[in-house]
There are 2 protein chains.
Amino acid sequence: MSKSMISSPVIKRLPRYYRFLGELEKQGVIRISSRELSEKMGLTASQIRQDLNCFGGFGQQGYGYNVQELHEAIGKIIGIASDTRTVIIGAGNLGSAIAMHIDFKKAGFSLIGIFDSDPEKTGQIIAGIPVAQMNLIESFCNENKPECAVLCIPKESAEEIVDKLIRLGIKAFWNYSHYDINVDGREGILVQNVHLSDSLMTLSYGLHNFKKEK
Amino acid sequence: MSKSMISSPVIKRLPRYYRFLGELEKQGVIRISSRELSEKMGLTASQIRQDLNCFGGFGQQGYGYNVQELHEAIGKIIGIASDTRTVIIGAGNLGSAIAMHIDFKKAGFSLIGIFDSDPEKTGQIIAGIPVAQMNLIESFCNENKPECAVLCIPKESAEEIVDKLIRLGIKAFWNYSHYDINVDGREGILVQNVHLSDSLMTLSYGLHNFKKEK
């Protein structure tokens with residue numbers, strides 16, 4: 001199947017496969033059937049077979065999947081080894097938490113800079129990286145050519161900064177700013193808008209609608 | 001349609017509808033057709049009509065949806081006004097970022113306590129709430145009866161803490177700990193496991209597979 005034909009839900013499931021297979025590998029599991037994997041992941045076995053067939057198929061009928069091979073293969077498909085140079089924009093609580101909490105390397109990225117417009121934050125060391133003044137972003141990008149930006153800035157300043165970063169060569173945005181970046185007419189720009197509250201609201205729905213009556 | 005019959009993808013889309021409709025309301029939009037809404041949200045118009053029909057339907061053929069009414073109705077379905085009492089476990093960077101960055105009230109929750117086992121964190125004020133020692137969680141829960149816990153602790157300590165919190169009456173977990181809480185056999189316990197890196201890997205996939213050749 002041509003890669004551009006693979007549907008977005010399948011692509012979104014790839015990191016989950018990668019995570020679960022990594023766990024299984026750590027636990028020393030050698031082979032796993034699509035049925036066993038489906039039980040662990042809460043998908044159907046036929047869904048898993050369909051998903052993996054999009055990328056060429058990795059199992060032999062009746063033999064299941066080799067965990068290590070499949071984990072590696074999905075890692076390659078995701079681009080885990082690509083070390084995409086990445087900057088964080090905004091060194092507040094959220095930017096700091098992301099710098100320290102996220103294993104960029106393990107997801108295919110390499111964090112090379114953190115920027116903030118607040119002079120009081122400049123020079124602070126976060127995850128081993130000194131926070132730089134936002135007005136240095138231009139020269140930094142020209143020199144280091146980052147391709148990905150993590151936006152941890154307020155909604156109000158996001159639009160202007162996105163335009164600037166695209167001019168400076170940023171191709172991918174991991175966006176926590178609550179400003180939905182519109183990619184229409186911006187060919188080759190990739191965006192993942194992160195809305196943390198969405199999953200919190202899903203929890204609220206569950207509490208509100210499924211709570212057991214006493 | 002019985003609420004227990006509504007599929008999980010539909011439920012997961014509700015917060016997005018709520019968000020988009022809130023934006024439209026702010027912009028002063030009075031009515032919107034399913035076609036216009038679908039363009040904004042990147043869904044098909046028939047998908048939107050199907051989704052909203054699960055909850056009784058809100059539009060009149062040919063008239064579209066009243067934005068304010070639909071926003072309010074979806075807010076009620078989500079349980080936006082329920083103010084579910086919530087504690088954050090773990091006051092590191094991530095716990096602090098979540099306490100300060102998330103509008104709990106707007107998602108149907110009310111943040112009433114933050115706990116950490118590190119004595120150096122105790123007494124720090126985060127989002128207006130003093131961080132309490134983890135060994136006070138039992139008396140706090142008995143007194144204040146929180147129903148939701150946000151887990152911002154390392155994977156290693158999560159399993160034990162989850163068991164304890166369930167005994168203390170926690171019904172819903174918003175889980176950032178990288179430990180996948182298993183709800184099998186734990187009736188009435190709701191979990192949203194948050195894996196921030198998944199959307200980062202999706203970005204890596206895009207960069208790796210769709211990057212324009214120069």
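Start by selecting B:Glu23 and A:Lys155: they form a salt bridge, with the closest N and O atoms 2.7 Å apart. Keep in mind as you click around that this is a predicted model.

The rule finds six salt bridges across the interface of chain A and chain B, and 16 residue pairs are in polar contact between the two chains, both partners at pLDDT 80 or more. Now colour chain A by element. Helix 9 (196-210) of chain A is among the elements that give two or more residues to the side touching chain B, and with 15 residues helix 9 supplies the largest share of that side.

Next, select the whole contact: 65 residues from chain A and 65 from chain B. About 5,600 Å² is buried between the chains, 67% of it from carbon and sulfur atoms. On chain A, pick out A:Leu200, A:Met201 and A:Tyr205, which lose the most area to chain B, together 12% of what that side buries.

Hop over to B:Trp174. Its contacts include A:Leu196, A:Leu200 and A:Leu203 from the other chain, plus B:Ile98 and B:Phe104 from its own. B:Trp174 is also one of the residues with the most contacts inside the largest nonpolar core, which has 104 residues. A second, separate core of 22 residues includes A:Leu151 and A:Ile170.

Last stop: helix 2 (residues 34-41) of chain A, where A:Ser34, A:Leu37, A:Ser38 and A:Met41 are buried. They span an arc of only 100 degrees around the axis, so they lie on the same side of the helix. Their cover includes helix 1 (8-26) and helix 3 (45-53) of chain A. Just after helix 2, look for A:Gly42 with its positive phi of about 70 degrees.

Methods: Residues numbered from 1 in each chain as written. Chains lettered and ligands numbered in written order. Predicted model: local features only at pLDDT ≥ 70, side-chain atom pairs only at ≥ 80, totals over all residues. Heavy atoms only, no water. Core = buried A, V, L, I, M, F, W, Y, C linked by side-chain atoms within 4.5 Å. Buried < 20%, exposed > 50% of the residue type's maximum accessible area, 1.4 Å probe, protein only. Contact = heavy atoms within 4.5 Å. Helix = DSSP H or I, 4+ residues; strand = E, 2+ residues; numbered from the N terminus. Arc of directions from axis to C-beta. Buried area = accessible area lost by both parts, 1.4 Å probe. Salt bridge = Lys/Arg side-chain N within 4 Å of Asp/Glu carboxyl O. Polar contact = N/O pair within 3.5 Å; in protein donor to acceptor, adjacent residues only side chain to side chain. Lists of a residue's contacts leave out its neighbours within four places in sequence.
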